[in-house]
Amino acid sequence: MATSITTLISLPANINRGIASAKQATMLAILGNPRPNYDNVCRDVTNPVLKSMIELADVGPFRVQGLRPAVASLRTILGEIAVQEPDVAGGLASAGMLCARLVRGTTTNAISNHSWGTAIDVTLNGVLDVRGDNLVQEGLTRIAPIFNRHGWFWGAGFRIEDAMHFEVGDALIRPWQEKGELGTASGAPPDSLLTIGDRGP
């Protein structure tokens with residue numbers, strides 16, 4: 001019998017090889033602070049420079065609102081998924097991209113990368129993968145390598161597994177700035193040091 005794309009399986013080995021989640025210090029330095037304060041509720045982005053780089057666009061199976069180069073990258077990824085994993089693509093939907101809030105389960109310091117519109121949560125056949133159970137939907141394991149090839153980090157690799165979550169990697173956001181794809185955002189990215197709010201391996 002064929003496995004459903006929502007069947008839960010063990011977390012695969014060797015995920016996110018060579019990909020690191022975008023550090024909070026990197027995001028703040030390059031794109032600025034999306035808003036002056038945060039809680040666990042989705043809030044509007046108030047930073048006018050960042051707001052000018054946010055767009056609402058069709059990326060194939062659904063529409064998203066996010067940082068312009070992240071949206072363009074996501075459109076390419078979803079196009080490849082449609083060709084390489086059509087049964088997964090058929091059940092894929094967005095559970096949100098732009099959402100200025102703290103990382104779920106935290107109360108201070110850790111700003112979610114959704115706040116910059118550089119992360120997306122997805123569902124398969126309308127089912128959201130449960131965070132923190134160290135089991136992942138089979139379909140997500142098939143599309144994660146495609147996200148990785150394009151420099152996106154899969155949230156299954158966080159200390160608390162978050163397999164529904166994909167976000168722009170630290171090594172992808174930096175070249176966007178160098179190429180002038182981030183508008184008037186002009187902060188220099190910091191050295192690769194750990195700072196408060198960082199997550200990932």
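Let me begin with a question: is the disulfide of C42 and C99 left-handed or right-handed? The torsion about its S-S bond is about -95°, so this disulfide is left-handed. Before I go further, note that this is a predicted model, and the values I quote are computed from it.

The sulfur atoms of C42 and C99 are 1.8 Å apart. The count comes to one disulfide, and that pair links distant parts of the chain. C42 sits in the loop between α1 (24-31) and α2 (48-51), while C99 sits in the loop between β4 (92-94) and β5 (119-124). The two cysteines are 57 residues apart. As for C99, its relative accessibility is 8%, and the cut-off for buried is under 20%, so C99 counts as buried.

Next, the hairpin. Strand β2, residues 54-58, and strand β3, residues 63-67, pair in the antiparallel sense over five bridges. Within that pairing, L56 stands opposite Q65 in β3. Four residues lie between the two strands of the hairpin, and G60 takes a positive phi near 120°.

Now the sheet. It is an open sheet of four strands in the order β4-β5-β8-β7, with antiparallel pairing. Which strands stand at the edges? They are β4 and β7 (152-154); each has a single partner strand, so one side of each has no neighbour in the sheet. Neighbouring strands here are turned by 35° against each other on average, direction ignored. W154 stands opposite F166 in β8. Helix α3, residues 68-84, lies across β4, β5, β7 and β8, and runs at about 65° to β7.

That leaves the aromatics. The count comes to four aromatic pairs, and I will describe two of them. F147 and W152 form an edge-to-face pair, 5.7 Å centre to centre with 65° between the planes. Both of these residues, F147 and W152, are buried. F153 and F158 form a tilted pair, 5.1 Å centre to centre with 40° between the planes. F153 counts as buried because its relative accessibility is 0%, and F158 is buried as well, with a relative accessible area of 6%.

Methods: Residues numbered from 1 in each chain as written. Predicted model: local features only at pLDDT ≥ 70, side-chain atom pairs only at ≥ 80, totals over all residues. Heavy atoms only, no water. Pairing = 2+ DSSP bridges. Disulfide = S-S within 2.5 Å. Buried < 20%, exposed > 50% of the residue type's maximum accessible area, 1.4 Å probe, protein only. Axes fitted to C-alpha atoms, helices over the stretch in contact; angles between N-to-C directions. Contact = heavy atoms within 4.5 Å. Phe/Tyr/Trp six-rings, centres within 6.5 Å; stacked < 30°, edge-to-face > 60°.
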